[in-house]
Amino acid sequence: MLEWLLSIIVFIFPAYVANASPVILGGGAPIDGGRNAWDGNRVFGKGKTWRGLIFGILAGAIVGAILAFVVPADLAYGLSFNSRLAAGFLLSAGALAGDLAGSFTKRRFGYKSGQSSMLLDQLPFLAFALLFTLPFHTPTVEEVVFLALLTVGMHVLTNRIAFLLRLKKVPW
Ligand code: CTP
Ligand code: MG
């Protein structure tokens, strides 16, 4: 049970880092270049920037590489060092692709950038991260349910902390 828990938390960790780090490392030019979609709302919005995308992926991949060095193989689904490097990168790229997909969907529903949407803020990044790493680890139903609950919980908690630290303007 403990091994199950530690393995899945260690596995997903780079995706969390990738998703959270743009709050600090992001900003600047928006990925959509300020353009609107067919519905007159922004494609992704001002909160999705190139800097956040690039540094978010880098931060997640670097943390994944550190974990590949320090975490024993029996807590890494028996993956080789190289596979774990690749998985760390793919989890991070997936997290930020999913984050973009979530913002794209929020804009289509008319939510403004930064406006809270309980599930679209949290589940797309997790889903894409897991999809991108399917070749390395196919999660069980129990793992997916656990990660969904953990992610929603962590998201609420970390955004509240970022708000209290004045890193974010709103507590979600
Ligand atoms: N961020 C960024 N680039 C990204 C993702 C995030 O620069 N690709 C930064 C932005 O400063 C953003 C902050 O991280 O405001 C928080 O990210 P998030 O909550 O995902 O974006 P929101 O501003 O809430 O916008 P949205 O409504 O699209 O989720
Ligand atoms: Mg947000």
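This report covers the ligand site and a set of individual residues in a predicted model.

## Basis of the model

The model is predicted, so local features need pLDDT of at least 70, side-chain atom pairs count only at pLDDT 80 or more, and totals for chains, interfaces and linings use all residues. Residues are numbered from 1 along each chain as its sequence is written, chains are lettered from A and ligands numbered from 1 in the order in which they are written, and side-chain values use heavy atoms, with hydrogens and water left out.

## Ligand 1 and its shell

Ligand 1 has 18 residues around it. A residue is near a molecule if one of its heavy atoms lies within 4 Å of it. K48, T49, S103, K106 and R107 come nearest. The shell divides into three nonpolar, eight polar and seven charged residues. In this scheme Ala, Val, Leu, Ile, Met, Phe, Trp, Tyr, Cys and Pro are nonpolar; Asp, Glu, Lys and Arg are charged; the others, Gly among them, are polar.

Ligand 1 sits in the largest pocket. A pocket is found on a 1 Å grid over the protein atoms alone: it is an open set of points with protein on both sides within 12 Å along at least five of seven lines, whereas a cavity is a set where a 1.4 Å probe fits but cannot get out; lining residues have an atom within 4 Å of a point. A molecule sits in a pocket if more than half of its atoms lie within 2 Å of its grid points. The elements that give two or more residues to the shell are α2 (22–25), α3 (50–70) and α4 (81–108). Helix α4 gives the most, with four residues. Helices here are DSSP runs (H or I, at least four residues), and strands are E runs of at least two, numbered from the N terminus.

## Polar contacts to the ligand

An oxygen atom of ligand 1 is 2.6 Å from an N or O atom in the side chain of S103. A nitrogen atom of ligand 1 lies 3.0 Å from a polar backbone atom of G47. An oxygen atom of ligand 1 is 3.3 Å from an N or O atom in the K168 side chain. Taken alone, ligand 1 exposes 570 Å², and the protein buries 83% of that. Accessible areas come from the Shrake-Rupley method with a 1.4 Å probe; for residues, only the protein chains shown count as cover.

A polar contact is a pair of N or O atoms within 3.5 Å; within protein, one must be able to donate a hydrogen and the other to accept it, and residues adjacent in sequence count only if both atoms are side-chain atoms.

Q122 is in the loop between α4 and α5. Its relative accessibility is 3%, so Q122 counts as buried (buried is under 20% relative accessible area, exposed over 50%, partly exposed in between, with a 1.4 Å probe and protein chains only). The Q122 side chain makes a polar contact of 3.3 Å with the side chain of H155. A polar atom of the Q122 side chain also lies 3.1 Å from the backbone oxygen of M118. Q122 and G98 are 24 residues apart along the chain, and their C-alpha atoms are separated by 9.3 Å.

N159 is in helix α6. It is buried, at 8% relative accessibility. The side chains of N159 and H155 are joined by a polar contact of 2.8 Å. Another polar contact, of 3.2 Å, runs from the N159 side chain to that of K168. The K168 side chain also has an N or O atom 3.3 Å from an oxygen of ligand 1.

## Loop positions

I31 is in the loop between α2 and α3. At 14% relative accessibility, I31 is buried. T140 is partly exposed, with a relative accessible area of 35%. T140 and T158 are 18 residues apart in sequence and 26 Å apart in space, C-alpha to C-alpha.

## Positive phi

Most residues other than glycine have a negative phi. Y77 is not a glycine, yet has a positive phi of about 50°. Y77 lies in the loop between α3 and α4 and is partly exposed at 28% relative accessibility. R166 also has a positive phi, near 65°. R166 is in the segment after α6 and is exposed, with a relative accessible area of 76%.
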